[in-house]
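Hello,

Here is the structure I promised to pass on. My notes follow below it.

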Amino acid sequence: MAKAKPKQRAGAHYLRASRSLAASYVLVMPLFALYQVGLVFDPSVRNGTAPIFREFLHRFSHLGLVVVNLVLLGLLCLAIWRTRSRRRDRTGLYGLMVLEACAWTALMVLVAKFVVPHLLELPRMLALSPTAQKAFAFIGAGIYEEVLFRLLLMGGLVLVFQRGLGGHPGWVVPLAVVASSVVFSWAHHALGGEPYDRDVFLYRAVMGGVLGTIFWFRGLGIVVYVHALYNMSLLPWLPTPSP
């Protein structure tokens, strides 16, 4: 039993360290930089970043959008530098986080295949840009949508329900997951301009619930990778809408 304690402590340390915002900043940074590279070289990448952001992003010129993203990238670098003292003893942490994100992605694929299998046979209702553009766009969607719907919306709901209203975590967190998932799915139709379809709405709500659960237990960095990797895993299955 004594030999198992160091492993248990190491596992607990990984779970704590990988959920921190400092680790999430570092993990997300190369993904955001990669998206920025695609945006610089191909203006059409922004068109598919995520349906909900389409109208907002079109308000910027291509150069303006590049500048906005460079500013965000600079702020992310600053945040990483400011949290450098919290990143001690993290050898191998980010590799493990990416591997964990791949495992969660596989789980999401299984959920899509067995929990909502009929949705995989949906007709082609989403226009598809070239594969490379779509891949870069999925990376952007993984970053922006998780920050908006999970970190800000879901995290804000938990803060309001728990601290503002004195709610118990036992019902506050599930309620925040469900509410943010419904808004996440609704926004693709109401704000993103997609025609409403009940099955597509349900599909995104279920996937949003999975992503919300991963975010709550595993943190922002991992869920961003899960979202981006899951969307890219759908490229061969073109009829399936991306979350």
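**Surface patch**

Leu-107, Leu-110 and Phe-114 make up a nonpolar patch on the surface, and together they have about 300 Å² of accessible area. Patch members have over 30% relative accessible area and no salt bridge; like charges are joined within 9 Å, nonpolar side chains (Val, Leu, Ile, Met, Phe, Trp, Tyr) within 5 Å. A salt bridge puts a side-chain nitrogen of Lys or Arg within 4 Å of a carboxyl oxygen of Asp or Glu. Areas are Shrake-Rupley values with a 1.4 Å probe, and for residues only the protein chains shown count as cover.

Note that this is a predicted model: local features need pLDDT of at least 70, side-chain atom pairs count only at pLDDT 80 or more, and totals for chains, interfaces and linings use all residues. Residues are numbered from 1 along each chain as its sequence is written, and side-chain values use heavy atoms, without hydrogens or water.

Leu-110 sits in helix α5 (residues 93–115). Helices are DSSP runs of H or I, at least four residues, numbered from the N terminus. Leu-110 is partly exposed, at 45% relative accessible area. The cut-offs: buried is under 20%, exposed is over 50%, partly exposed is in between (1.4 Å probe, protein chains only).

Val-147 belongs to helix α6 (residues 131–164). Its relative accessible area is 30%, so Val-147 is partly exposed. Beyond residues up to four places away in sequence, Val-147 touches Leu-152 and Leu-220. Contact means heavy atoms within 4.5 Å. Val-147 and Val-223 are 76 residues apart along the chain, with their C-alpha atoms separated by 9.7 Å.

Leu-220 and Val-223 are among the buried residues of α9. That helix (residues 220–233) is largely enclosed by the rest of the structure, because 11 of its 14 residues are buried. From first C-alpha to last, α9 reaches 20 Å, close to the 20 Å expected. The expected span is 1.5 Å times one less than the number of residues.

Ser-181 lies in helix α7 (residues 169–190). It is buried, at 4%. Leaving aside neighbours within four places in sequence, Ser-181 contacts Ala-205, Gly-208 and Gly-209.

**Aromatic pairs**

The whole structure holds three aromatic pairs. Ring centres must lie within 6.5 Å (Phe, Tyr and the six-membered ring of Trp); planes under 30 degrees apart are stacked, over 60 edge-to-face, the rest tilted. Phe-161 and Trp-171 form a tilted pair, 6.3 Å centre to centre, with 35° between the planes. This pair links α6 to α7. Phe-161 is buried at 18%, while Trp-171 is partly exposed at 44%.

Best wishes

Definitions and conventions:
Helix = DSSP H or I, 4+ residues; strand = E, 2+ residues; numbered from the N terminus.
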